[in-house]
Every structure is written in structure tokens, then in C-alpha cells.
Amino acid sequence: MPSTDNSRYELYYWPATGRAEVSRLLLQYGKANWSERHPTNWPEEKPSTPFGCLPVLIEHREDGSEFQLAESHAIERYLARKFDLVGSNEREAALIDSFAEGWAALINAMVQTRFGKTDEAKEAGKVSFKACSSEIIQYHEKQLEKNGNGYYVGSKLSLVDLLAYNMLQSLKGVGSKVFDGISGFDKLIETVESDSTIGSYARERLSAYQA
């Protein structure tokens with residue numbers, strides 16, 4: 001659903017996919033007036049952010065006020081609600097949240113695997129990643145097959161579809177084949193990339209996953 005407000009959005013993050021990519025997809029889907037801002041001197045800029053971390057969404061409202069929101073998943077949920085990507089009723093919204101949790105756990109494991117501060121932390125991340133990916137293959141694939149139309153829930157795009165799409169492409173970008181050849185996920189990718197609103201942008205962003 002295109003944006004019906006006149007807010008202008010800034011997405012403050014590094015020039016990489018990372019934890020801001022789903023927010024990019026959401027802003028593009030909502031046809032929002034948005035732009036990106038990248039740190040130029042992070043040590044100096046860090047204290048100005050709500051929690052000393054990125055991404056941060058800055059919403060410049062029509063009345064001149066400004067709203068800042070930090071933490072990637074909070075930003076995603078906020079934008080998903082704005083752009084009608086949380087299902088058609090409370091039960092669909094709850095299902096979307098429940099499947100989103102699985103991808104959130106996988107993201108955290110992936111980050112720990114790559115950026116853990118010790119070898120032990122990285123090894124723990126690998127164990128967690130393997131467990132999370134196995135659960136996603138088992139339970140998420142079942143839901144996608146049951147729904148049968150390339151969406152997790154209902155008959156339209158939702159937040160969890162974009163979360164899944166982002167992670168599937170991120171993993172391909174780092175050479176992981178853990179979800180390759182699984183029909184439900186293949187169909188989800190096809191569904192997102194053929195969507196009349198977000199599809200062309202999603203395809204354009206594919207090269208960013210290789211950066």
C-alpha cells in the first residue's frame with residue numbers, strides 16, 4: 001500500500017545491505033519519500049543516535065516534527081504497519097510475527113558466526129545457525145507449501161515475506177546453499193521479484209548482496 005502521509009524518511013545506516021535492507025524494501029514498497037544517510041565520522045556521530053547503534057529511521061513529518069526510531073526489527077514493524085504488510089486480521093498478524101521470529105534468530109546466529117569476538121563465540125554461532133536453519137526448513141517450508149501461493153500468510157505480501165527474501169538472498173550472497181532447491185523458498189523469491197510494487201527494486205538490489 002503506497003504511503004498516504006507526507007512524511008519524508010531518512011534511513012541512517014552504512015552503505016551495505018545488513019540490518020537495513022528490509023527497511024529499504026519496506027520504504028520502497030510503501031512508495032515513501034525516502035533517502036539514505038551514511039556515517040562519515042561514526043565515533044562522533046554515535047552519541048547522537050538513540051542507542052548508539054545503526055540503523056536509525058528518521059521521519060520528518062509534515063508538521064515539522066521529527067521522529068527517530070532505532071533497532072532494525074522495531075523499524076521494520078513500524079513501517080510494515082504503516083504500509084499494510086501485517087496481514088488482514090489479528091490472527092494473520094500473529095502468524096506473521098511468529099514466523100518472523102525464526103528469521104530473527106537466524107540473523108543473530110549469522111552475525112555471531114561472522115563477527116563473534118572469540119573463536120568460541122563464532123563456533124556457538126555456527127551451532128545456532130545450523131539449528132535455526134533446520135527449524136526454518138522444517139516448519140517454514142511446511143507453511144509455505146500449505147499456503148501454496150508464494151506468501152507465508154494469506155494472499156498478499158507481508159513483512160515476513162520480505163524478511164525471508166532478504167535472508168535467502170543474503171545467504172546466497174555469502175555463498176551459502178543451505179536453502180537452495182527448496183520449492184517453497186524458491187517460489188517465495190519468485191513471488192517477491194514478480195510483485196508489481198517491489199519486484200523491480202528487489203531485482204535491482206541483488207548486486208548489493210554480493211558487495
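Q: A charge sits over a ring if NZ of Lys or CZ of Arg is within 6 Å of the ring centre and within 35 degrees of the ring normal. Which charged end sits over the ring of Tyr 12?
A: The charged end of Arg 37 does, at 4.2 Å from the centre of the ring of Tyr 12. This is a predicted model, in which local features need pLDDT of at least 70 and side-chain atom pairs count only at pLDDT 80 or more, while totals for chains, interfaces and linings use all residues. Residues are numbered from 1 along each chain as its sequence is written, and side-chain values use heavy atoms, with hydrogens and water left out.

Q: How many aromatic pairs are there by the rule?
A: Rings of Phe, Tyr and Trp (for Trp, the six-membered ring) pair if their centres lie within 6.5 Å; planes under 30 degrees apart count as stacked, over 60 as edge-to-face and the rest as tilted. The count by this rule is seven aromatic pairs.

Q: Why is the pair of Tyr 12 and Trp 42 called edge-to-face?
A: The ring centres of Tyr 12 and Trp 42 are 6.4 Å apart and their planes stand at 70°, so the pair is edge-to-face. Helices (H or I, at least four residues) and strands (E, at least two) are DSSP runs, numbered from the N terminus. The pair links distant parts of the chain: Tyr 12 belongs to strand S1 (residues 8-12) and Trp 42 to helix H2 (residues 42-45), 30 residues apart. Both residues, Tyr 12 and Trp 42, are buried, a word that stands for under 20% relative accessible area, against exposed for over 50% and partly exposed in between (1.4 Å probe, protein chains only). Ring pairs also join Tyr 12, Trp 14 and Trp 42 into a cluster.

Q: Why is the pair of Trp 103 and Phe 179 tilted?
A: Their ring centres are 5.6 Å apart and their planes at 55°, so the pair is tilted. Trp 103 lies in helix H4 (residues 90-115) and Phe 179 in the loop between helix H6 (159-173) and helix H7 (183-193), which puts the two 76 residues apart. Trp 103 and Phe 179 are buried.

Q: What is the order of the strands in the open sheet?
A: The four strands follow the order S2-S1-S3-S4, with mixed pairing. Strand S2 (33-37) and strand S4 (66-70) are at the edges with a single partner strand each, so one side of each has no neighbour in the sheet. Neighbouring strands are turned by 20° against each other on average, direction ignored.

Q: How do we know that S1 and S2 pair, and in what sense do they run?
A: Two strands pair if DSSP finds at least two bridges between them. S1 and S2 are joined by five bridges and run parallel. Across this pairing, Tyr 9 stands opposite Trp 34 in S2.

Q: What makes S1 and S3 a pair?
A: Five bridges connect S1 and S3, in the antiparallel sense. Here Tyr 12 faces Val 56 in S3.

Q: How many residues lie between S3 and S4 in the hairpin?
A: Five residues lie between them, and in the turn Gly 64 has a positive phi of about 95°. S3 and S4 are antiparallel over five bridges. Ile 58 stands opposite Gln 68, and His 60 is opposite Glu 66.

Q: Why is S3 described as largely enclosed?
A: Five of the five residues of S3 are buried, so the rest of the structure largely encloses this strand. In a regular strand the side chains alternate between the two faces of the sheet. Both faces of S3 are covered, with Val 56, Ile 58 and His 60 buried on one side and Leu 57 and Glu 59 buried on the other.

Q: Why does Ser 158 count as buried?
A: Ser 158 has 2% relative accessibility, so it counts as buried. Its place is the loop between helix H5 (119-147) and H6. Contact means heavy atoms within 4.5 Å. Leaving aside neighbours within four places in sequence, Ser 158 is in contact with Leu 85 and Ile 96.

Q: Why is the chain called as compact as a globular protein of its length?
A: The chain has eight helices and four strands. Its radius of gyration is 17 Å, close to the 17 Å of the globule rule for 211 residues, so the chain is as compact as a globular protein of that length. The radius is taken over C-alpha atoms, and the rule is 2.2 Å times the number of residues to the power 0.38. Of the 211 residues, 47% count as buried.

Notes:
Axes fitted to C-alpha atoms, helices over the stretch in contact; angles between N-to-C directions.
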